[in-house]
Amino acid sequence: MPQFEQVSVFSSLIFWSLISFGLLLFLLKKYAFPPILEMLEAREKKIRGDIDGAEELKKQAEEMKKEFEKQLATAREKAETIIHLAHEDAKKQTEKSLADTQAKVKQMQREAEHEITSSRNKLLAEIRSYTATLTIASTEKILNRTIEENDKKRLVDESIEEVIKELEKTHASS
Amino acid sequence: MLENVIGKRYAVALSGSIKDDFKLQPALEHLRSLVQAFEVEPSLTSFFAHPSIPMDKKEALLSKLCDRFKVDDGVRNLVKMLNERKKVLFLENIADYFESVVDNRLNQVRVRVLSACPLEKKQSQKLESSLQRILNKNILIETEVNESLIGGLALEVGSVVVDATIKNRLAQLKRSIEQEEVG
């Protein structure tokens, strides 16, 4: 190949090229690569740290989510209990109100019955009193008209016996 | 209350001043006469209650009253003492207590008999003897006729009342009709 035929021409060039390449490589390795590598390492560390942070945050978020869910469940439970209690209260209130109303109605009924009975008794008492007064007045009139002197004498005799017996009884008991 | 205390005190004092039991009944009658005078003549009460009328005038009037009713010395002295102590207006209370004191001393009891018609002597005697036997005391019967009783009689012995009149029977009947339960 014609190119290789020129090696002798370019051998020094190749030599110096190799030397300069080696020197460049040495210089790069000595001065350029370490900060680049450090930077890359730092970058990697940062990215890893960020990933770890993100993982941590994710974990925290999941824990918070769990906590929230737990709290939500508790709150839901509480709300259900409150609703249940409210239902119970409302039911009790309704029952109490119904019982009160029934009691009031019964009381009113009793009062009405009492009033009716009182009025009836009062009326009956008045009728009895009127009847008694009328009966006694009529009896008195008839007796005054029909009692003779002999009857009066006999009544006094009977009364004497009666009062004496009564006084004997009273005297004996005292 | 006060009049009862005064009545009792002077009645006991008057009884103590009369030793002879036979003089008790007349003394009571004299006291009753004086009380009756005060009832018949209400101005006497005003006269003795008036503070500005002199005591000697009051005593003179009492003396006149005693002369008119021929009041014995015991009652006369009592009346004089009452005037001095301004207690003449308690005469009725004194008479009432004196009556019970006299009844006690004479072992007698007053029985008020209310009847629809006047009692016959026989009836009155029967009543008196029976009461004497039961109460073991002399009986003084005071009768009163009240035709509204219709028939029978009622007795009042002290605080005890025994009513066997037709009027009372009718009143009992009236009460029983009024109290009768209607089914």
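Which residues in α2(B) meet which residues in α6(B)? This report starts with that contact, then turns to other helix pairs, the sheet and the chain interface. The model is predicted.

## Helix α2 against helix α6

On the α2(B) side stand Leu24(B), Gln25(B), Leu28(B), Leu31(B), Arg32(B), Leu34(B), Val35(B) and Phe38(B). They meet Leu91(B), Glu92(B), Ile94(B), Ala95(B), Phe98(B), Glu99(B), Val102(B) and Arg105(B) in α6(B). Sorted by class, this contact has 11 nonpolar, 1 polar and 4 charged residues.

Now look at the geometry. Helix α2 of chain B covers residues 24-40, and helix α6 of chain B covers residues 91-105. Their axes lie 10 Å apart, and the packing angle is about 160 degrees. That angle makes α2(B) roughly antiparallel to α6(B), because angles over 145 degrees count that way. The crossing of α2(B) past α6(B) is left-handed.

## Helix α1 against helix α6

Helix α6(B) has another partner, helix α1 of chain B, residues 2-17. Here the axes come within 8 Å and cross at roughly 45 degrees. The two helices are therefore oblique to each other. The crossing of α1(B) and α6(B) is right-handed.

Among the α1(B) residues in this contact are Ile6(B), Tyr10(B), Val12(B) and Leu14(B). On the α6(B) side they include Ile94(B), Tyr97(B), Phe98(B) and Val101(B). The contact of α1(B) with α6(B) divides into 9 nonpolar, 4 polar and 4 charged residues.

## Helix α4 against helix α5

Next come helix α4, residues 55-68, and helix α5, residues 73-84, of chain B. Their axes come within 10 Å and cross at roughly 160 degrees. So α4(B) and α5(B) are roughly antiparallel to each other. α4(B) passes α5(B) in a right-handed crossing.

Met55(B), Lys58(B), Glu59(B), Leu62(B) and Cys66(B) come from α4(B). They meet Arg76(B), Val79(B), Lys80(B) and Asn83(B) in α5(B). By class, the contact of α4(B) with α5(B) has 4 nonpolar, 1 polar and 4 charged residues.

| Helix pair | Axes | Angle | Crossing |
|---|---|---|---|
| α2(B) and α6(B) | 10 Å apart | about 160 degrees | left-handed |
| α1(B) and α6(B) | within 8 Å | roughly 45 degrees | right-handed |
| α4(B) and α5(B) | within 10 Å | roughly 160 degrees | right-handed |

## The sheet of chain B

Chain B also holds an open sheet of 4 strands. Their order is β2-β1-β3-β4, and the pairing is mixed. Which strands stand at the edges? They are β2, residues 138-145, and β4, residues 160-163, of chain B. Each has a single partner strand, so one side of each is left without a neighbour in the sheet. On average, neighbouring strands are turned by 20 degrees against each other, direction ignored.

Strand β1 of chain B, residues 108-115, runs parallel to β2(B) and is joined to it by 8 bridges. Gln108(B) stands opposite Asn138(B) in β2(B). From β1(B) the chain crosses through helix α7, residues 121-135, to β2(B). This β-α-β crossover is right-handed. Further along the pair, Leu114(B) stands opposite Glu144(B).

β1(B) also pairs with strand β3 of chain B, residues 153-157. This pairing is antiparallel and spans 5 bridges. Ser115(B) has a bridge partner in each of two strands. In β2(B), the partner is Val145(B). In β3(B), the partner is Leu153(B).

## Where the chains meet

How many residues of chain A are in contact with chain B? There are 28, and they touch 25 residues of chain B. On the chain A side, α1 (7-146) and α2 (149-173) each supply at least two residues. The largest share, 15 residues, comes from α2(A). The chain A side divides into 11 nonpolar, 9 polar and 8 charged residues.

Key: Residues are numbered from 1 along each chain as its sequence is written. Chains are lettered from A and ligands numbered from 1 in the order in which they are written. This is a predicted model: local features need pLDDT of at least 70, side-chain atom pairs count only at pLDDT 80 or more; totals for chains, interfaces and linings use all residues. Two strands pair if DSSP finds at least two bridges between them. Axes are lines fitted to C-alpha atoms, for helices over the stretch in contact, and angles run from 0 to 180 degrees between N-to-C directions. Two residues are in contact if their C-beta atoms, placed from the backbone, lie within 7 Å. Ala, Val, Leu, Ile, Met, Phe, Trp, Tyr, Cys and Pro count as nonpolar, Asp, Glu, Lys and Arg as charged, and the others, Gly among them, as polar. A crossover is right-handed if, with the strands pointing away from the viewer, the path from the first strand over the helix to the second runs clockwise. Angles under 35 degrees count as roughly parallel, over 145 as roughly antiparallel, 65 to 115 as roughly perpendicular and the rest as oblique. A crossing is left-handed if the near helix is turned anticlockwise from the far one by less than a right angle, and right-handed if clockwise.
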